[in-house]
Amino acid sequence: MVEPSRGGLLERIRQRDEDAARTLFNELHPLVLKLVRSYLPRRTSEEDLVQTVFMKIFANLDQYSGKVPLEHWVSRIAVNTCLNQLKAEKVRPELRWADLSDEEQHVMETLASTGDDLDPSHELTSREIVDKLLGALAPADRLVVRLLHLEGRSLRDVQGVTGWGIPMIKVRAFRARQKLKKHLERLSMERPM
Amino acid sequence: VKDTKHQLTRLLKSAASAPEPALEEPSLSLENRIIAQWRSALVSDELFEWPLLFFRRAFVCACGIVLIALAWSYHELSEPPPTHVAVAEYEMQLTFLP
């Protein structure tokens, strides 16, 4: 069911109330921006993609039945828009050792030389490395790794956002991890001894 | 392979712990652009609303008329035309009877 306050807001938007549309935009903007930033295809303007997502939200608002929370419905629109944009990207350059910054190379060396968890000071750099590694994966693989392993979402959540079945999510996640392992292996082999 | 798997797990774990970058407020220009686009979409919807409604109703009416015409034709064809039969019988009698 739609929350009562949200229901009233959506009804006002359907009645073409501009203030209500602005309120909804401001409420949903952080969620949409976060999703767009997570999946932002290269060479795509962040604002343009946010605008496209919001236009789809407003254009399809009549189809929102209220069976799922509005945030889930919006997330699905945002993720699908980003995936479609990513599909248009033909080239997914593989990450090379030389593409890594000094700090990233240091984290990779630490990763290979010790078996312990990485130091908290390396978290941001690790995130940058993972983002670069994900750039070489297909959009759907990228999405599933990001949702499951970086955002720590449950399989049910991923199902809600993507609309895929749970077995498909598991298979896709497994294959994506295999591909990431291969990329990591290749990077390690390029590492100067 | 096991080593790489372990490395990947640790890398993902560390990356997942990274703090999320702060999200800034939406710019007013973006908000205005989206609202303007929403309003222009509404205007174009209004523009096409009446013709669309008219053609939709006209199509439904046309389908109804076609169905009535088909039913009427079927009814007419399924009933034997008594006049034609009578004329044919009369002509046969004239031809074959002495």
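## Aromatic pairs

Rings of Phe, Tyr and Trp, the last taken by its six-membered ring, are paired if their centres lie within 6.5 Å. In this predicted model, ring pairs join A:Phe25, A:Phe54, A:Phe58 and B:Trp38 into a cluster. Over all chains, the structure holds five aromatic pairs.

A pair of aromatic rings is described by the distance of the centres and the angle of the planes. For the pair formed by A:Tyr64 and A:Trp73, these values are 5.2 Å centre to centre and 45° between the planes, and the pair is tilted. A:Tyr64 and A:Trp73 are both buried.

## A charge over a ring

Another tryptophan of chain A, A:Trp164, has A:Arg172 lying over its face. The distance of A:Arg172 from the ring centre is 4.5 Å.

## Surroundings of A:Ser126

Helix α6 of chain A spans residues 123–134 and contains A:Ser126. The relative accessible area of A:Ser126 is 0%, so this serine counts as buried, the limit being under 20%. A polar atom of the A:Ser126 side chain lies 2.7 Å from the backbone oxygen of A:His122.

When residues up to four places away in sequence are not counted, A:Ser126 touches residues of both chains. In chain A these are A:Val107 and A:Leu118. In chain B they are B:Leu11, B:Ser14 and B:Ala15.

## Cysteines

A search of the whole structure finds zero disulfides over all chains. B:Cys61 is accordingly in no disulfide, and the nearest cysteine sulfur, which belongs to B:Cys63, is 9.4 Å away. A disulfide would require the two sulfur atoms to be within 2.5 Å.

In chain A, A:Cys82 has a relative accessible area of 0% and is therefore buried, as the value is under 20%.

## Chain B as a whole

The secondary structure of chain B consists of three helices and zero strands. Read from the N terminus, its elements follow the order α-α-α.

Chain B has 98 residues, of which 16% are buried. The chain exposes about 8,100 Å², and 70% of this area is supplied by carbon and sulfur atoms.

Definitions and conventions. Residues are numbered from 1 along each chain as its sequence is written. Chains are lettered from A and ligands numbered from 1 in the order in which they are written. This is a predicted model: local features need pLDDT of at least 70, side-chain atom pairs count only at pLDDT 80 or more; totals for chains, interfaces and linings use all residues. Side-chain values use heavy atoms; hydrogens and water are left out. Rings of Phe, Tyr and Trp (its six-membered ring) pair if their centres lie within 6.5 Å; planes under 30 degrees apart count as stacked, over 60 as edge-to-face and the rest as tilted. Buried means under 20% relative accessible area, exposed over 50%, partly exposed in between (1.4 Å probe, protein chains only). A charge sits over a ring if NZ of Lys or CZ of Arg is within 6 Å of the ring centre and within 35 degrees of the ring normal. Helices (H or I, at least four residues) and strands (E, at least two) are DSSP runs, numbered from the N terminus. Accessible areas come from the Shrake-Rupley method with a 1.4 Å probe; for residues, only the protein chains shown count as cover. A polar contact is a pair of N or O atoms within 3.5 Å; within protein, one must be able to donate a hydrogen and the other to accept it, and residues adjacent in sequence count only if both atoms are side-chain atoms. Contact means heavy atoms within 4.5 Å.
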